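Take a look at the chain below. This report covers its fold, its helix packing and a few of its residues.

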Amino acid sequence: MTYDYQTSLDAWLNVQEKLGRRQREVLLAIHHLKEATNMEIASFLGWSINRVTPRVLELREKDLVKQARIRKCKITGNNARAWRLTIHGEDAVMQIAKRLQ
């Protein structure tokens, strides 16, 4: 069986096109912040933490976001997971930017 890279890429891009508005907003917030905890994302977007946490999980499941490290949150001062974009997340941001032009 041969592996068709173009078909795989097309399938991956199709998944990314199906991001919801809130998922895109969280993805773009993490891109802007470079690395952020859920509370930092919530503060940046003006959202509650309960609105951010599920979106981050969804983006992690799509391999767009991954844990960067555990560090002190700039909002709470508590230790928390900080998230950053994966290479696929960076690609998705570029696709979003192209669509906005």
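Helices (H or I, at least four residues) and strands (E, at least two) are DSSP runs, numbered from the N terminus. By that rule, Thr37 sits in the loop between H2 and H3. The model is predicted: local features need pLDDT of at least 70, side-chain atom pairs count only at pLDDT 80 or more, and totals for chains, interfaces and linings use all residues. Residues are numbered from 1 along each chain as its sequence is written, and side-chain values use heavy atoms, with hydrogens and water left out.

## Overall fold

The chain has 5 helices and 2 strands. Starting at the N terminus, the order is α-α-α-α-β-β-α. Buried means under 20% relative accessible area, exposed over 50%, and partly exposed in between (1.4 Å probe, protein chains only). On that scale, 31% of the 101 residues are buried. Contact means heavy atoms within 4.5 Å. Take the contacts between residues at least 6 apart in sequence: 56% of them join residues at least 24 apart. Accessible areas come from the Shrake-Rupley method with a 1.4 Å probe; for residues, only the protein chains shown count as cover. The chain exposes about 6,600 Å², and carbon and sulfur atoms supply 51% of that area.

## Helix packing

Two helix pairs are described here. Axes are lines fitted to C-alpha atoms, for helices over the stretch in contact, and angles run from 0 to 180 degrees between N-to-C directions. Angles under 35 degrees count as roughly parallel, over 145 as roughly antiparallel, 65 to 115 as roughly perpendicular and the rest as oblique. A crossing is left-handed if the near helix is turned anticlockwise from the far one by less than a right angle, and right-handed if clockwise.

| Pair | Angle | Axis separation | Handedness |
|---|---|---|---|
| H3 and H4 | about 120 degrees | 9 Å | right-handed |
| H2 and H5 | roughly 110 degrees | within 10 Å | left-handed |

H3 and H4 pack at about 120 degrees. H3 is therefore oblique to H4. On the H3 side, the residues in contact are Asn38, Met39, Ile41 and Ala42; on the H4 side, they are Ile49, Val52, Thr53 and Val56. By class, this contact has 6 nonpolar, 2 polar and no charged residues. Ala, Val, Leu, Ile, Met, Phe, Trp, Tyr, Cys and Pro count as nonpolar, Asp, Glu, Lys and Arg as charged, and the others, Gly among them, as polar.

H2 and H5 cross at roughly 110 degrees. H2 is therefore roughly perpendicular to H5. Arg24, Leu27, Leu28 and His31 of H2 meet Gly89, Glu90, Ala92, Val93 and Ile96 of H5. The class count here is 5 nonpolar, 2 polar and 2 charged residues.

## Around H3

Which residues of H3 are buried? They are Asn38, Glu40, Ile41 and Ala42. Their cover includes H2, H4, E1 and strand E2 (79-85). After H3 comes Gly46, with a positive phi near 75 degrees.

At 1% relative accessibility, Thr37 counts as buried. Leaving out residues up to four places away in sequence, Thr37 touches Arg71, Cys73, Ala80, Arg81, Ala82 and Trp83.

Lys34 belongs to the loop between helix H2 (21-33) and helix H3 (38-45). Is Lys34 buried or exposed? Lys34 is exposed, because its relative accessibility is 61%. Its phi is near 75 degrees, a positive value in a residue other than glycine.

## Other residues

Asp63 is in the loop between helix H4 (49-61) and strand E1 (65-72). Its phi is also positive, near 60 degrees, in a residue other than glycine. Asp63 is partly exposed, at a relative accessible area of 40%.

Leu85 is part of strand E2. Its relative accessibility is 5%, so Leu85 counts as buried. Not counting residues up to four places away in sequence, Leu85 touches Leu27, Ile30, His31, Leu64, Val65, Glu90 and Val93. Ala68 is 17 residues from Leu85 along the chain, and their C-alpha atoms are separated by 8.6 Å.

Glu58 is in helix H4. With a relative accessible area of 24%, Glu58 is partly exposed. Glu58 and Gln23 are 35 residues apart in sequence, yet 7.7 Å apart in space, C-alpha to C-alpha.
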